[in-house]
Structure formats: structure tokens, C-alpha cells
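Let's take a friendly walk through a protein model together. Please have a look at the sequence and the structure first, and then read on.

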Amino acid sequence: MENVTILDHPLIQHKISILRNKATGTNEFRSLTDEIAMLMGYEALRDLPLEDAEVETPIETCMTPMLSGKKLAVVPILRAGLGMVNGILALVPSAKVGHIGLYRDEVTHQPHEYYCKLPSPIELRTIVVTDPMLATGGSAVEAVDFIKQHGGRTIKFMAIIAAPEGLKRLHEAHPDVQIYVGHVDRCLNENAYICPGLGDAGDRIFGTK
């Protein structure tokens with residue numbers, strides 16, 4: 001699929017395997033999520049625009065490339081998406097952070113927005129939406145819908161693992177969004193959990209049940 005990148009780097013794959021292990025505790029899970037987000041961000045941000053700036057080295061003054069334009073915006077889908085933010089901020093400390101909160105209707109299973117705060121001017125920024133799990137794709141599609149409604153135009157989506165169903169749904173709903181995934185798993189089960197997956201990412205990042 002065009003605009004879909006599976007990041008099969010050995011370090012990313014190794015760290016995802018440790019995430020999957022049910023014996024991996026909260027502290028290590030959180031650290032690994034950071035590290036995976038940083039490794040994924042390194043690839044996902046490959047096309048950030050550059051412009052030459054004047055810098056004085058110890059030897060002479062030169063023109064040298066630096067990031068150009070408005071800064072990056074990182075927008076986690078609450079709450080699990082928060083676990084990927086620091087990894088990206090480690091690469092681009094000047095990035096602004098927005099938040100999108102969604103809850104799922106227990107009857108219809110459709111996502112609804114309960115919170116949305118985006119850095120301004122959002123239309124001039126490269127926006128990276130984060131969520132460790134791309135399962136049904138409902139929350140991802142809804143989050144990108146909200147960002148576009150607020151004026152966002154250049155959007156990337158990062159997930160550590162994805163189900164084929166969710167990947168297909170997000171790509172079909174938003175073919176212009178660049179999607180970066182660490183691993184595509186087998187399928188969703190009857191409870192819409194990714195298999196083999198890694199359980200509930202939010203619970204494992206924050207130590208809740």
C-alpha cells in the first residue's frame with residue numbers, strides 16, 4: 001500500500017518482541033516504548049524540510065542545514081499514545097505536543113472525542129499522531145478526521161503494532177496520511193484485541209488494570 005511503511009529494522013523488531021512478553025514489567029515496557037518510538041521517528045521524520053543557516057564553527061563561518069519552517073507537532077491519542085511522545089521529543093526537542101482523547105461507546109463501539117487540544121498554527125506543522133496499537137482503526141481514523149477538521153494537512157501516523165484490518169481501514173479512509181508501523185500482526189480476535197499482540201498497551205505503560 002502506498003504511504004504505508006513497515007519499519008523492519010532489527011532493533012525495532014527485537015524490542016517489540018520484548019514488549020510482547022507478558023513478563024515484561026511496567027518500567028521496562030515504558031522504556032522500550034520510548035526507544036521504539038525514537039527508532040521509528042528517525043525513519044518517519046526522514047523527509048522533514050531543511051534550510052541553510054549561518055553557523056560559526058571554531059574554524060570559520062559556514063552555511064549548514066537545519067530544520068526549516070514551523071516546528072513539528074506530536075499528537076498522542078490518549079492515553080496509550082502518550083507512551084510514544086518522549087521518544088519523538090528526544091529527536092526533536094522543539095516539537096509542540098497536542099492531545100486527542102477518545103472514548104468508545106460500549107453499545108456501538110464507535111469512538112467519540114472528549115478532548116482535543118492542538119498546537120497553533122496546526123495547518124503549518126508536520127503532525128505525528130501516535131498510538132502504540134492500530135487495532136480496528138476506528139480511533140485512528142477519528143483522530144485524523146479531527147485534526148483535518150482543525151486545519152491539519154501534513155499528517156503522519158505511528159503505531160508499534162497493527163492488525164491488518166486497522167491498517168487497511170486507516171489507509172482507505174486517509175490515503176494521504178503516511179503510516180509507519182513496527183509490525184503487522186495476524187488478526188483481531190472477537191474482542192478486537194490484536195493477535196498475538198501485547199495486551200492493553202495503556203495498562204502496561206501506566207501500570208493499571
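## Starting at Arg79

Arg79 is partly exposed, with a relative accessible area of 36%. Here "buried" stands for under 20% relative accessible area, "exposed" for over 50%, and "partly exposed" for values in between, using a 1.4 Å probe and the protein chains only. Keep in mind that this is a predicted model, in which local features need pLDDT of at least 70 and side-chain atom pairs count only at pLDDT 80 or more, while totals for chains, interfaces and linings use all residues. Residues are numbered from 1 along each chain as its sequence is written, and side-chain values use heavy atoms, with hydrogens and water left out.

Which residue does Arg79 meet in a salt bridge? The partner is Asp203, with 2.7 Å from N to O. A salt bridge here is a side-chain nitrogen of Lys or Arg within 4 Å of a carboxyl oxygen of Asp or Glu. This pair links distant parts of the chain, 124 residues apart: Asp203 sits in helix 6 (residues 201-206), and Arg79 in the loop between strand 4 and helix 3. Helices (H or I, at least four residues) and strands (E, at least two) are DSSP runs, numbered from the N terminus. Asp203 counts as buried, at 17% relative accessibility.

How many salt bridges does a search of the whole structure find? It finds seven. One of them joins Asp185 to Arg20, and the closest N and O atoms are 2.7 Å apart. Asp185 lies in the loop between strand 11 (178-184) and strand 12 (187-188), while Arg20 belongs to helix 1 (residues 10-20), so this pair ties together parts that are 165 residues apart in sequence. Asp185 is buried, with a relative accessible area of 5%, whereas Arg20 is partly exposed at 21%.

Another salt bridge brings together the side chains of Lys168 and Glu172, at 2.9 Å from N to O. These two are about one helical turn from each other, because they are four residues apart in helix 5 (residues 164-173). Lys168 is partly exposed, with a relative accessible area of 47%, and Glu172 is exposed, with 53%.

Is strand 8 mostly covered or mostly open? Five of the five residues in strand 8 (residues 126-130) are buried, and the strand is mostly covered. In a regular strand, side chains alternate between the two faces of the sheet. In strand 8, both faces are covered: Thr126, Val128 and Thr130 are buried on one side, and Ile127 and Val129 on the other.

Strand 8 also has pairing partners, where pairing means that DSSP finds at least two bridges between two strands. Strand 4 (residues 73-78) pairs with strand 8 in the parallel sense over four bridges. Strand 10 (residues 154-162) runs parallel to strand 8 too, joined by five bridges.

Ala73 and Ile122 are 49 residues apart in sequence, yet their C-alpha atoms are 7.7 Å apart in space.

## Annotated binding sites

The unreviewed UniProt entry marks Ile194, Gly199, Asp200 and Ala201 as "binding site". Positions from UniProt are given in the numbering used here, with feature names shortened, and such annotations may be inferred rather than shown by experiment. Ile194 is found in strand 13 (residues 194-195) and is buried, with a relative accessible area of 6%.

The unreviewed entry also places "binding site" at a further set of residues, including Arg79, Arg104, Asp131, Pro132 and Asp200. Pro132 lies in the loop between strand 8 and strand 9 (133-134). Pro132 is buried, with a relative accessible area of 4%.

## Out on the surface

Leu91 belongs to helix 3 (residues 85-91) and is partly exposed, with a relative accessible area of 34%.
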